[in-house]
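Here are my notes on the model you sent over.

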Amino acid sequence: MNIFARSLIGLTCLSLSMSSIGKQFDYQLQAKQVAKDTYVVVGKSESFSSANGGNIANTGFVVTAQGVILFDTGPSLRYGTQLRTLIGKITDQPIQLVLNSHLHPDHFLGNGAFSDAPVHSSLKTIQQLQVVGDDLATGLYDLVGDWMRDTQVHMPTPIATGQIYSDQYHDIELIELEGHSTSDLMLYDRHTGVLFAGDLVFFNRAPTTPHATVPNWMTALSRINQLQPRIIVPGHGQPTDGLSAMQQTNDYLIWLAETLTDSAEQGLHFHEVKQLQAPFEQMKLKAFELERSLIHLYRDIEIQHLY
Amino acid sequence: MKSHKCIANGFILGLSISLTSLSQANTNDPTDSPMWDYLKTKYIPNQSYQFDQRIIVQTPLFAEDATQVPITIDATAIPNVEKILVLADISPFQKVLEFTPGKFTPQLSFSMKVQQATAVRAMVLTKSGVWHVGSGLIDASGGGCSAPSIGLADPAWQDYLGEIRARWFSANHLTGEKQRLKFHIIHPQDTGLADSIPAFFIEQLHIDNQQGNTIARLQLFEPVSENPTMTLEKLGTTETLTLHFRDNNGNEFTRQVKP
């Protein structure tokens, strides 16, 4: 479509569909049980669009005897509200604790639906949200539109890492690593073996790098390897048994780092490198995310290969 | 009188249409940009031009970072290129850069800032005096031209100002048959639109050979990204060249590049 006309057409569509659209902002959320008391709401393996309303990341929760521990709240107030309704269909337990894995808007902008519960993240994530939170929310409004109605940045408060809950069925620990962003919180239940890895792990969906430091990310994945979780819930993509999702993310990062370094050494420019194809057959959005990653990472690598 | 004038105009119009179709000149803007008429009147008034698909203007899918939008222009399919003027249709600064390739081939890669979604033009002037216009589109949320430079936030920015890195890349199976020169200079490239930060950017680059002859020129304007990296290409062999930069405050930065 002509990019000059798009904003006008957007307005027209909005006014035409206002009357009928009220029921349509339904994310159709479904909870998938992956272990005892442990559920995942799987997002779409897509990029942000007005069709998916920003529902591209996973959220998940553990129902304990003390209440529900929720890991991430989705991209909007509407998502958060619908997620809360979904949780209410599964358990009568109150929301005990809400966690935000990191600063990206598809993971925390549903916080507003849980304002009566403690909402926590790492201190580093809070510090970053204070700087860029509003811009990230505005950016998502631009991309997905009215799905975001009434969504505001609802600031989490800091939480210490380590064990946060334990009984005979669950032994839940918070682990802070970095690499995908400068602070990536994971939730690990040693009893069930389920690791909510946040965006440190992607599965069959190309990893994103807007705040990534690739070597740190690979170090974080080796920590996940040491944990030997039974099930990994990635930030994006289906939950998987064993370590395959972690392994795929690691392989992709190795491919990305080598590709960018080799390309810089050959003197390639952006539009040459973006045409290279990542050798991962099942992975969605490879070309799209490579192009974005080039913007995030390639310039500095390019300069390092000059004298 | 009036109607006569109309008829006369109609006649002239008809004539010019038939003339252009004879020479297969295409004057229909492929991007449908609302600014083209203004652009052509301002920058190439009364000069002959045609849109030319042989000129490749590569842009990203989306301006992920509105202050760094990578552009590659290739006009090597056009014979006898005199210079390439790069324009952005919808921008507080429409002129991006002007490249006189000289001994280099008429192609270059660089990054620019965009203030909003816009068409970008590679206006290629041939030695016969005709403008060939290549076009591309950039989709963007915008704000790139009014953002302050990032480097200025570092109190030590002046220590690095004008630092140049450069390298020749020999022709290889990925870059093709030409020798490639890539260079990078640290400069804030402030546009003057950010609050209380005056315009401060590189205006000129000339590239000299060992005999001291200038073999290529670049004129840069506000939209060229902070700390610009550029890629140029050249047939034949690599050689020792000197890059001379000059900014709008009169600072000069020089660096020799050996094969």
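This is a predicted model: local features need pLDDT of at least 70, side-chain atom pairs count only at pLDDT 80 or more; totals for chains, interfaces and linings use all residues.

1. Chain B overall. I count on 3 helices and 15 strands here. The radius of gyration is 20 Å, close to the 18 Å that the globule rule gives for 259 residues, so chain B is as compact as a globular protein of that length. If you want the dimensions, the C-alpha trace of chain B spans about 70 × 45 × 35 Å along its principal axes.

2. Burial and contacts in chain B. Of its 259 residues, 51% count as buried. Among the contacts in chain B with a separation of 6 or more, 68% are between residues 24 or more positions apart.

3. Strand S13 of chain B. How many of the residues of S13(B) are buried? For this strand, residues 229-234, the tally is 6 of 6. In a regular strand the side chains alternate between the two faces of the sheet. Here Thr229(B), Thr231(B) and Glu233(B) point one way, while Met230(B), Leu232(B) and Lys234(B) point the other way. Do notice that Glu233(B) and Lys234(B) are on the buried list along with the rest.

4. Neighbours of S13(B). Strand S6 of chain B (residues 107-112) pairs with S13(B) in the antiparallel sense over 2 bridges, and Ser109(B) has Thr231(B) as its bridge partner. Strand S10 of chain B (residues 179-185) is also antiparallel to S13(B), this time over 6 bridges. In that pairing, His184(B) stands opposite Thr229(B).

5. The open sheet in chain A. What is the strand order of this sheet? Its 6 strands run S8-S9-S10-S11-S12-S13 in chain A, and the pairing is mixed. The edge strands are S8 (162-166) and S13 (240-241) of chain A, each of which pairs on one side only.

6. Strand S11 of chain A. This strand, residues 194-202, is mostly covered, with 9 of its 9 residues buried. S10(A), residues 184-189, is joined to S11(A) by 3 bridges and runs antiparallel to it, with Leu187(A) opposite Phe196(A). On the other pairing, S11(A) and S12(A) (residues 231-236) go together in the parallel sense over 5 bridges. Phe196(A) turns up again there, with Val233(A) in S12(A) as its bridge partner.

7. S10(A) and S11(A) make a hairpin with 4 residues between them, and Gly193(A) in the turn has a positive phi of about 80°. Strand S9 of chain A (residues 171-177) is joined to S10(A) by 6 bridges, and the two run antiparallel. Within that pair, Glu176(A) is bridged to Leu185(A).

8. Two backbone angles to look at in chain A. Most residues other than glycine have a negative phi, and most peptide bonds are trans. Asp37(A) has a positive phi near 65° and is found in the loop between strand S1 (31-35) and strand S2 (38-41) of chain A. Asp72(A) also has a positive phi, near 75°, and lies in the loop between strand S4 (67-71) and helix H2 (77-90) of chain A. Is Asp72(A) buried or exposed? At 0% relative accessibility, Asp72(A) counts as buried.

9. Phe169(B). This residue lies in strand S9 of chain B (residues 164-169). Phe169(B) is buried, with a relative accessible area of 4%. Which residues does Phe169(B) touch, leaving out those up to four places away in sequence? From chain A the list is Ala264(A), Glu265(A), Gln266(A), Gly267(A), His305(A) and Leu306(A). From chain B it is Gln179(B), Arg180(B) and Lys182(B). Asp37(B) is 132 residues from Phe169(B) in sequence, and the two are 40 Å apart in space, C-alpha to C-alpha.

Notes: Residues are numbered from 1 along each chain as its sequence is written. Chains are lettered from A and ligands numbered from 1 in the order in which they are written. Side-chain values use heavy atoms; hydrogens and water are left out. Buried means under 20% relative accessible area, exposed over 50%, partly exposed in between (1.4 Å probe, protein chains only). Two strands pair if DSSP finds at least two bridges between them. The radius of gyration is taken over C-alpha atoms; the globule rule is 2.2 Å times the number of residues to the power 0.38. Contact means heavy atoms within 4.5 Å.
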